[in-house]
Amino acid sequence: MYSVEVIDKGDTSITIRMNGFPIQYANALRRICLNGVPTFAIETVDVIENTSIFADEYLAHRLALVPLTTPPDKYSMPDESDSEEEDIYSSCSVMLVLDSGKTDQTTDVTSARLSSEDPDVRPVNDNIPIATLAPMQKVVMECHARLGRGTEHAKWNSANISVLTGTEEDGFELKVETAGSLNPADIIVAGMKELSVRLEDFRQVIG
């Protein structure tokens with residue numbers, strides 16, 4: 001008898017018990033929750049102005065590591081069958097702008113300075129440090145975020161930790177923790193949908 005029970009649920013983590021499921025299915029769901037659920041992350045950065053001491057590449061790397069909120073079902077992964085790159089990313093990309101402003105004192109630039117064209121895709125926290133600027137220094141950058149999976153790069157990992165414990169007899173407990181890109185319950189739901197799609201694709205290949 002298959003059943004799923006919520007053991008613990010919070011804003012950033014959820015623990016469920018999967019009863020009656022073979023270890024293969026439970027572990028497949030764990031792996032998909034870890035790096036198979038699409039989330040937003042900054043992929044490319046266009047530098048408009050940078051008078052800081054930091055190299056453009058360093059700032060771009062820092063920006064790529066800022067976790068972004070990902071609204072479920074609002075965007076979709078690109079259709080790789082499209083021949084034009086513009087078509088591939090049109091349904092899954094959002095632009096954000098980093099403008100530090102210019103002051104006459106030392107300034108800590110944080111994720112709060114990132115403005116998004118879509119308020120549903122924004123930094124999960126306004127206090128993530130990006131750079132410290134000396135007086136009169138300024139940074140302006142256009143950041144292009146898109147949906148991706150952790151199998152492509154760790155910055156797209158939807159969950160920080162997925163732990164699977166237990167046995168087939170007693171049930172497996174799956175704990176998923178997130179940095180805030182997605183609600184932890186949404187990660188599990190999306191993981192189940194993704195697993196279903198992959199199994200159907202596999203069935204069609206061998207059928």
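I began with Glu-5, which is partly exposed at 38% relative accessibility; buried means under 20% relative accessible area, exposed over 50%, and partly exposed in between, with a 1.4 Å probe and protein chains only. The model is predicted, so local features need pLDDT of at least 70 and side-chain atom pairs count only at pLDDT 80 or more, while totals for chains, interfaces and linings use all residues. Residues are numbered from 1 along each chain as its sequence is written, and side-chain values use heavy atoms, with hydrogens and water left out.

I looked up the partner of Glu-5 and found a salt bridge with Arg-17, the closest N and O atoms being 3.4 Å apart. A salt bridge here is a side-chain nitrogen of Lys or Arg within 4 Å of a carboxyl oxygen of Asp or Glu. Glu-5 is in strand E1 (residues 3-9) and Arg-17 in strand E2 (residues 13-19), 12 residues apart. Helices (H or I, at least four residues) and strands (E, at least two) are DSSP runs, numbered from the N terminus. Arg-17 is partly exposed at 22%.

Next I checked Asp-118, which forms a salt bridge with Lys-74 (3.1 Å, N to O). Asp-118 lies in the loop between E6 and E7 and Lys-74 in the loop between H2 and helix H3 (85-89), so the pair ties together parts 44 residues apart in sequence. I noted Asp-118 as buried, at 7%, and Lys-74 as partly exposed, at 43%.

Last, I looked at Glu-194 and Arg-198, whose side chains meet in a salt bridge (2.9 Å, N to O). They are four residues apart in helix H4 (residues 184-206), about one helical turn.
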